[in-house]
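Here is a friendly walk through one model, from its overall make-up down to single residues. Keep the 3D view open as you read.

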Amino acid sequence: MSVLSMIAAPPVPGSSVTPGIVAAVLVAALLHAAWNSLAHGVSDRVVGFALISAVAMAGGAVLVAVGPALPAAAWPYVVASAVLHVVYNLLLLASYQLGEFSQMYPLARGTAPWVVAVVSVTVLGRALPVTELLGVLAVSAGLLGLVLVGGRPGRKQLPALGSAVLTGLTIAGYTVVDGLGVATAPLPAYIGWLFLLQSVPMPLLAVLRRGRLLPSAVRRCALPGLVGGAVSLAAYSIVLWAQTSGALAPIAALRETSIIFGALIGTVFLGERLGRPRILAAAVVLAGVLLISLAH
């Protein structure tokens with residue numbers, strides 16, 4: 001479920017976040033950062049993304065087979081969201097090919113809620129609460145810090161930074177679409193068809209890019225790719241379960257702890273140099289996202 005669809009949905013009266021839900025959502029945030037780190041660290045990222053998509057495709061097929069039918073009114077949202085997810089996957093792939101995970105991941109994740117907040121004011125004409133304004137300013141400062149870590153970026157860094165920011169913009173895009181679309185269909189049907197449709201292009205891209213070399217590349221990347229896909233599905237399922245509590249805004253806020261998990265994973269497991277400036281910048285992004293999420 002996207003960030004906005006969880007935030008925008010009305011809370012269930014009397015809903016609360018129990019310690020068990022908090023623990024589960026924190027695990028989901030860790031898993032989300034973990035599967036992204038697997039996607040970044042795989043030796044052939046094109047094939048790795050294809051394997052992750054293949055697992056998502058299988059999960060979507062199961063939901064479509066056993067779940068309810070998708071209403072006609074939901075199809076425009078599912079198709080639009082699937083297209084945006086495909087663009088998101090391609091941009092995320094480019095980001096991880098061009099830049100370091102501990103910089104690309106928080107930059108992409110932190111951009112989306114910032115853009116949603118700004119669009120809600122400039123396009124939708126919604127007043128910005130003080131808490132949310134502080135969140136937007138904090139995210140802006142943190143993202144600027146991530147961009148400037150190591151000095152002013154040169155031309156070589158611009159493609160990576162641009163890809164990460166565009167990734168965040170696509171997250172904001174499918175967030176809005178999903179926020180509207182989930183209200184038009186049973187959740188298993190919506191998610192099943194979304195998984196199924198969005199997962200087709202990446203395996204096709206791998207076939208086109210690798211050709212006869214694909215079988216050997218799949219053997220090399222099978223473990224991280226398939227594990228990454230399974231972890232992604234697990235993280236998503238945990239969040240869906242947590243949503244049934246009705247405490248949507250706190251859950252959305254807790255999910256963004258994945259920014260910190262991503263920075264730590266990049267350092268501990270991927271051998272990237274984190275350093276105090278990047279730690280501080282990632283923490284500021286997270287603080288801003290929490291303020292934006294909790295303002296809803």
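## Overall make-up

The chain has 13 helices and zero strands, where helices (H or I, at least four residues) and strands (E, at least two) are DSSP runs numbered from the N terminus. This is a predicted model, in which local features need pLDDT of at least 70 and side-chain atom pairs count only at pLDDT 80 or more, while totals for chains, interfaces and linings use all residues. Residues are numbered from 1 along each chain as its sequence is written, and side-chain values use heavy atoms, with hydrogens and water left out.

Of the 296 residues of the chain, 47% count as buried. Buried means under 20% relative accessible area, exposed means over 50%, and partly exposed lies in between (1.4 Å probe, protein chains only). Contact here means heavy atoms within 4.5 Å. Among contacts between residues at least 6 apart in sequence, 90% join residues at least 24 apart.

Two packed helices are described by the angle between their axes and the distance between the axes. The axes used here are lines fitted to C-alpha atoms, for helices over the stretch in contact, and angles run from 0 to 180 degrees between N-to-C directions. The axes of H2 and H3 come within 8 Å and cross at roughly 145 degrees. On the H2 side, Trp35, Ala39 and His40 meet Arg45, Phe49 and Ile52 of H3. By class, the residues of this contact of H2 with H3 are four nonpolar, one polar and one charged. For these classes, Ala, Val, Leu, Ile, Met, Phe, Trp, Tyr, Cys and Pro count as nonpolar, Asp, Glu, Lys and Arg as charged, and the others, Gly among them, as polar.

Now turn to helix H3 (residues 45-66) and helix H4 (residues 75-98), whose axes come within 10 Å and cross at roughly 145 degrees. H3 contributes Arg45, Val46 and Phe49 to the contact, and H4 contributes Asn89, Leu92, Leu93, Tyr96 and Gln97. These residues of the contact of H3 with H4 comprise five nonpolar, two polar and one charged.

Which residues does Gln198 touch, not counting residues up to four places away in sequence? They are Ala82, His85, Val86 and Asn89. Gln198 lies in helix H8 (residues 187-198), and Gln198 counts as buried because its relative accessibility is 11%. His85 lies in helix H4 and counts as buried at 9% relative accessibility. Although His85 and Gln198 are 113 residues apart in sequence, they are 6.1 Å apart in space, C-alpha to C-alpha. Not counting residues up to four places away in sequence, His85 touches Tyr174, Asp178, Leu194 and Gln198.

Leu194 has its place in helix H8, and Leu194 is buried, with a relative accessible area of 4%. Leaving aside neighbours within four places in sequence, Leu194 is in contact with Val78, Ser81, Ala82, His85 and Asp178. Leu194 and Val64 are 130 residues apart in sequence and 9.7 Å apart in space, C-alpha to C-alpha.

Ser95 lies in helix H4 and counts as buried at 1% relative accessibility. Beyond its neighbours within four places in sequence, Ser95 is in contact with Met104, Ala160, Ser163, Ala164 and Thr167.

Is Ala65 buried or exposed? Ala65, placed in helix H3, is exposed because its relative accessible area is 66%.

## A salt bridge and an aromatic cluster

Side chains of opposite charge can pair when their charged atoms come close. The structure holds one salt bridge, defined as a side-chain nitrogen of Lys or Arg within 4 Å of a carboxyl oxygen of Asp or Glu. Arg210 forms this salt bridge with Asp44, and the closest N and O atoms are 2.7 Å apart. The pair links distant parts of the chain, with Arg210 in helix H9 (residues 201-210) and Asp44 in the loop between helix H2 (19-41) and H3, 166 residues apart. Arg210 counts as partly exposed at 22% relative accessibility, whereas Asp44 is buried at 9%.

A search of the whole structure finds three aromatic pairs. Rings of Phe, Tyr and Trp (its six-membered ring) pair if their centres lie within 6.5 Å; planes under 30 degrees apart count as stacked, over 60 as edge-to-face and the rest as tilted. Ring pairs link Tyr96, Phe101 and Tyr105 into a cluster.
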